[in-house]
Amino acid sequence: MSDKIKIIAIIGAGSMGKRIAIKAAAYNYDVHLYDIDYASLQKFIKSRKNQIKATNSLGEITSYYSIDDAVTKTDLIIEAIPEKLDLKLEIFNQIDKVAPHHAIIATNSSSFPVSKLEDAVKRKDKVLNIHFYIGAGEYALTEMADIMKGTMTSNETFEIGKNWIESIELRPLVVKKESYGFVYNRIWRAIKKECLKVWAEGYADLKDIDAAWKITTKMSDGPFMIMDKIGLDVVYDIEMSYFQHSGNPDDKPPQALKDMIDKGILGLKTREGFYKH
Ligand SMILES: NC(=O)c1ccc[n+]([C@@H]2O[C@H](COP(=O)([O-])OP(=O)(O)OC[C@H]3O[C@@H](n4cnc5c(N)ncnc54)[C@H](O)[C@@H]3O)[C@@H](O)[C@H]2O)c1
């Protein structure tokens, strides 16, 4: 366990927030969870109670009605709300006002460097990108996390964050200078972008693309199955963020993806995405 971090708050208990909470609790950290969708948060906490009995989990996961209550008395706050810059700025600002002075604020954003959020807080030396990767199981994380500084993040904050990632047995992927997409997410993004183009422009069936990927990498899922698991709305927002950053029309996600989202076809969470689930 980290000697500097004992209690964690996670703001946004969607697909990633829940996974991060479960991972941290498994390593003895108490987790305060907040989501605007309190009903769905409660449902998760209830189902989790049965799971704790089955798995002997160590840390406690507690739900909160307000961000303010969730973040007071914490050492690390991880923001995991949707990939919308304005929303993240608002939440960073709110957290900064109420979190203890020593607490570190991290974003799980898939694309935005924390330097884009640091103007929303006074504690500019205590902000980080800690970017987790979705895993194969229902609540799984892949065994790695990117970690990146903002323009004023202190070395001490960085070391505390890195030690905490190691304490939950994830491999820290250290980003040495600011990178849009961090380390592996940037590489995955290049793959995802090309896959979407090959499919949307009618060059190949997505099943063949996934098959090719699985044959060459020996991975169990192809890129389209992975995108279904991530959530097509989440994928779209991330692709739009890259597009807005570069301004390059080639980076714009295909309309065919947007059409699916508009029809409510969001991947595994709606039981239909590129595949039926
Ligand atoms: N899905 C992935 O594979 C993945 C991987 C790494 C990082 N991320 C990033 O993590 C973040 C969350 O992604 P996700 O997949 O968990 O999305 P999600 O849509 O599953 O969850 C987002 C949650 O945030 C909640 N929310 C919305 N506005 C809120 C607010 N103002 N305050 C509190 N909660 C609020 C929603 O109710 C929802 O439960 C995004 O920045 C995304 O880019 C996603």
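Before you click anything, one term: a residue counts as exposed when its relative accessible area is over 50%, and as buried when that area is under 20%. Keep in mind, too, that you're looking at a predicted model.

**Stop 1: lysine 218.** Select lysine 218, in the loop between helix H7 (206-217) and helix H8 (223-230). Is lysine 218 buried or exposed? Its relative accessible area is 70%, over the 50% cut-off, so lysine 218 is exposed. Now check the backbone: phi of lysine 218 is near 65 degrees, a positive value in a residue other than glycine.

**Stop 2: lysine 73.** Next, jump to lysine 73. You'll find it in the loop that links helix H3 (67-71) to strand S4 (76-79). Here phi is again positive, near 65 degrees, and lysine 73 isn't a glycine either. With 68% relative accessibility, lysine 73 counts as exposed.

**Stop 3: the two domains.** Zoom out and color residues 7-174 one way and 185-269 another: the domain assignment calls these domain 1 and domain 2. How many Å separate their centres? Taken over C-alpha atoms, the answer is 26 Å.

Stop 4: The size of an interface is often given as the accessible area lost when the parts come together. Between domain 1 and domain 2, about 810 Å² is buried, and carbon and sulfur atoms give 52% of that. On the domain 1 side, select Glu83, Ser110 and Ile134, which lose the most area to domain 2 and together make up 43% of what that side buries.

**Stop 5: across the interface.** How many salt bridges are there between domain 1 and domain 2? The count is 1. To see a salt bridge up close, select aspartate 237 and lysine 84: their side chains meet in one, at 3.1 Å from N to O.

Note on methods. Residues numbered from 1 in each chain as written. Predicted model: local features only at pLDDT ≥ 70, side-chain atom pairs only at ≥ 80, totals over all residues. Heavy atoms only, no water. Helix = DSSP H or I, 4+ residues; strand = E, 2+ residues; numbered from the N terminus. Buried < 20%, exposed > 50% of the residue type's maximum accessible area, 1.4 Å probe, protein only. Domains from an automatic or database assignment. Buried area = accessible area lost by both parts, 1.4 Å probe. Salt bridge = Lys/Arg side-chain N within 4 Å of Asp/Glu carboxyl O.
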